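Good morning, everyone, and thank you for coming.

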Amino acid sequence: MSVQLQAPLSFQHSNKLTTQTKFSKAAANYASHANVQKQAAAHLFKMMASKHQQGTCLDLGAGPLVNTAMLKTHFDTVLAMDLSHSMLSTEQNPRCLKVCADMDNLPLQQNTLDCVFSNFAMQWSADLEALLKNLFSALKAGGKVYSSCVVDGSLKEIKQAFACLDEQNHINQFHCASHIIEYAKLAGFKLNFAADRCYIDAYNSPLEALRSIKAIGATSLQTKQKRQGLLTRQALNSVCKAYPLVDGHARVSYQVVLLELEK
Ligand SMILES: C[S@@+](CC[C@H](N)C(=O)[O-])C[C@H]1O[C@@H](n2cnc3c(N)ncnc32)[C@H](O)[C@@H]1O
């Protein structure tokens, strides 16, 4: 059976340079702000824990190598790949191979990887369906993918706050978990495990919540529609006023699908 899935338009026109620049600017302070990312990584490592691992693991969208040391406890070789050179060049430098490359142009040979680990990164692909096909091809038979991918429903508080300004989309659009699973199956993967999780950060003020998105480099709008310039002070005040609070805290929630795939 052939399933036709339409990738959201926004992902087909992502601006790689903007994404690269934003993440590069965020590189130095990324690790101290990436709370939910740490939680998701811990879940992925738990999924991997019971399985015997060895060989070569690709850390796709590795960021400032925050997961490399842990991956090194499982694998002989870790290949950290990221679009941002600054991310790969941060001081935290556990021994691993590093390659600055775009996940949508994977510089990998067929049947060479034993595992792909990707935490909070695959949502940046401009073509997730093609990426999963290419990862399938790069993996050896029996090779696994452990991935956490941000999906539809994320950043809903920020979306709600910005709705006071206009009807434009102010946050990135994300795939549905079910589409990602379909793409994985179309690529040829067996789905060993899938789970939805919601990771929540809580901040003392809406402004801090908005800044947190910037601090992890995730402000790039992957849409064709360009932002209408920076927010004026008045607009920013309106957004902060409209930001929903829970117990006095401004939350930022990330809806994520955790996957274990096998070739
Ligand atoms: C939210 S960070 C996750 C970093 C790390 N995996 C972690 O667990 O904290 C997403 C990373 O994906 C990288 N990235 C974004 N688009 C990419 C692309 N097209 N190819 C490779 N890496 C990309 C960014 O530079 C950033 O370092």
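Predicted model: local features only at pLDDT ≥ 70, side-chain atom pairs only at ≥ 80, totals over all residues.

Is F120 buried or exposed? Its relative accessibility is 8%, and because buried means under 20%, F120 counts as buried.

A pair of aromatic rings is described by the distance of the centres and the angle of the planes. The count here comes to four aromatic pairs, and I will go through two of them.

One of these is formed by F45 and F117, which are stacked, with 4.9 Å from centre to centre and 20° between the planes. F45 belongs to helix α3, residues 35-49, while F117 belongs to strand β4, residues 113-119, so this pair ties together parts that are 72 residues apart in sequence. Both F45 and F117 are buried.

The other pair I want to show is F120 with Y254, and here the arrangement is edge-to-face, with the centres 5.6 Å apart and 65° between the planes. F120 lies in the loop between β4 and α6 (128-138), and Y254 lies in strand β8, residues 249-262, so the pair ties together parts that are 134 residues apart in sequence. Y254, at 7% relative accessibility, counts as buried.

Still with rings, let me turn to F136, where the charged end of K263 sits over the ring, 4.9 Å from its centre. V145 is found in strand β5, and with a relative accessible area of 0% it is buried.

E129 counts as partly exposed, at 22% relative accessibility.

Next, the backbone. Where does helix α2 bend? Helix α2, which covers residues 16-33, bends by about 70° at A27, and A27 is among the residues of α2 that are buried, together with T19, F23, A26 and Y30.

Most residues other than glycine have a negative phi, and with that in mind I would like to point to two residues. N111, in the loop between β3 (97-100) and β4, has a positive phi near 55°, and at 44% relative accessibility N111 counts as partly exposed. L155 is not a glycine either, and has a positive phi of about 55°; L155 lies in the loop between β5 (139-150) and α7 (156-162), and at 6% relative accessibility L155 counts as buried.

Finally, let me come to the empty space. Rolling a probe the size of a water molecule over the atoms shows where such space is left. Which residues lie nearest the centre of the second largest pocket? They are D152, G153, K159, N172 and Q173, from a lining of eleven residues. About 150 Å³ of space lies in this pocket, and its lining divides into three nonpolar, five polar and three charged residues.

That is where I will stop, and I am happy to take questions.

Note on methods
Residues numbered from 1 in each chain as written. Heavy atoms only, no water. 1 Å grid on protein atoms, 1.4 Å probe; cavity = no way out; pocket = protein on both sides within 12 Å on 5 of 7 lines; lining within 4 Å. Points joined across faces, edges and corners; volume = space filled by probe spheres on them. Nonpolar A, V, L, I, M, F, W, Y, C, P; charged D, E, K, R; others polar. Phe/Tyr/Trp six-rings, centres within 6.5 Å; stacked < 30°, edge-to-face > 60°. Helix = DSSP H or I, 4+ residues; strand = E, 2+ residues; numbered from the N terminus. Buried < 20%, exposed > 50% of the residue type's maximum accessible area, 1.4 Å probe, protein only. Lys NZ or Arg CZ within 6 Å of the ring centre and 35° of its normal. Bend = angle between axes of the 7 residues up to and from the residue.
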